[in-house]
Amino acid sequence: MKKIGIGIIVLVAIFISLLYWSLSSTEKTFKKGELLNINNIETINFKSIDSVLISASTLYKANNIKTLMQGEQYRRAWEAPIKVPVVFLDSLKGGLKILKEGGGKQTHSIKLLSKNGTKYTLRGINKDPKKLIPEFAKTFGLENIIVDGISAQHPYGSILSAALAKQAKILSTEPQVVFVPKQEALGTFNLKYGNRLYLLEYETEGETNWTNYKNVSEIVETDNLQELKLKSQNSIVIDKSVLIRVRLFDFLIGDWDRHAKQYGWILQKNNNNYTAIPLAGDRDNAFFKSEGLIPSILSNKYVIPELQDFEKEIDFLPGLVYPFDRYFLFNTNEDIFITEAKNLQELLTDDVLNKALNVWPKNIRALDGQDIINTIKARRTDLVDYAKAFKKIIDEKGLLTEALKGSEDLALPKELLQCFDCN
């Protein structure tokens, strides 16, 4: 027994030593992309060039110890150079003006408005996780676990997600990768937001319809949809078929972070009635790759059940079922779940999946493309089973007893707090 105890102590000591060794590679929590074809960023006239060669981040470099402890993830994709167009706000989309700075725990963003009233956002590809680092991690020097966790996100996952969404006949915010140099239009935001790599995409709310849907009155976020439901009662219904397809699509691409604040709703008017069609935003965690000893511990279903690796089989489906699902899909007929799973299987053929990869630069495709497509194919095979299980878990978890994320300040009656159709 004494030898076993000593052995455990030795193993723990080795683990702690390897842990701190893996955390010692950098003390930075945030770093902008690295321009590769520009000698002096302060003197170059960016209006004289139309594109830049840029590496999204070199913050996630890893030696063998770090790779063992914290995984390979998408480090090579973050470091790989890509060619990106240079944009200026005063001419982009006919001219964009800044509305406000966006929120978010790790994404720097700016809300923009075009001359025709369409809302866009610039979302930083480089993440800043300072707000996510708990005090105990700072105390024990473990900040890099949080910082390095960003390497599990694919820097260009949103682009591929949007291409696949189009083929699946569901909406996306249609992100594009752009480089925004320092410029007069940024004003006081130049220091924080200038000379950076972004996703330019549509906002998940606004009064101007940019979609292909007809008779759209506006695009609203989930809390606004609840307020409209409260006022108009039964004149607003959810397109549950599309919502189920969207959520099954989330499973296919391994996007585990899907709470209520990450969806907008296209309000389609028909006489005095409205149909709300879901619009998914924030695809940062699509194709999330959680490897290495530390991420494997954190993503265990008993630790953080929703933090799941993008593998060929979904490890723990209950962890991916959110209050959002129960709120909008409770007591929905199983046939709709099965139908939409089959629809996705028919729409996302092998040929469609392979062609979608063309939205990525050739070097990014070579790094991660085939692994991602093969994983989607495996999940597609089991999608009907996942759909049935999804329905069952929703009904087993039942009605909500607390407000959806982002709706905590709404004074909703009990019925509308429990589910969208309960009143």
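**Close-up views of a predicted model**

**View A. Gln-262 in the loop between two elements.** Gln-262 sits in the loop that runs between α9 and β11 (263-270). The model shown here is predicted. Gln-262 counts as buried, because its relative accessibility is 5% and the cut-off for buried is under 20%. Its side chain reaches the backbone oxygen of Asp-257 at 3.4 Å.

View B. Helix α9 covers residues 240-253, 14 residues in total. From first C-alpha to last, α9 reaches 20 Å, close to the 20 Å expected at 1.5 Å a residue. Of its 14 residues, 13 are buried, so α9 is largely enclosed by the rest of the structure. Gly-254 follows α9. The phi of Gly-254 is positive, near 70°.

**View C. Helix α14 and its bend.** Helix α14 spans residues 362-381 and has 20 residues. Its end C-alpha atoms are 27 Å apart, which agrees with the 28 Å that α14 should span at 1.5 Å a residue. The helix bends by about 50° at Asp-368. Asp-368 is also one of the buried residues of α14. Others among them are Ile-364, Gly-369, Ile-372, Ile-373 and Ile-376. The buried set also includes Lys-377, Arg-379 and Arg-380.

View D. Ile-297 belongs to helix α10 (residues 293-298). How large is the relative accessible area of Ile-297? It is 46%, so Ile-297 is partly exposed.

Notes
Residues are numbered from 1 along each chain as its sequence is written. This is a predicted model: local features need pLDDT of at least 70, side-chain atom pairs count only at pLDDT 80 or more; totals for chains, interfaces and linings use all residues. Side-chain values use heavy atoms; hydrogens and water are left out. Helices (H or I, at least four residues) and strands (E, at least two) are DSSP runs, numbered from the N terminus. The expected span of a helix is 1.5 Å times one less than its number of residues. Buried means under 20% relative accessible area, exposed over 50%, partly exposed in between (1.4 Å probe, protein chains only). The bend at a residue is the angle between axes fitted to the seven residues ending there and the seven starting there. A polar contact is a pair of N or O atoms within 3.5 Å; within protein, one must be able to donate a hydrogen and the other to accept it, and residues adjacent in sequence count only if both atoms are side-chain atoms.
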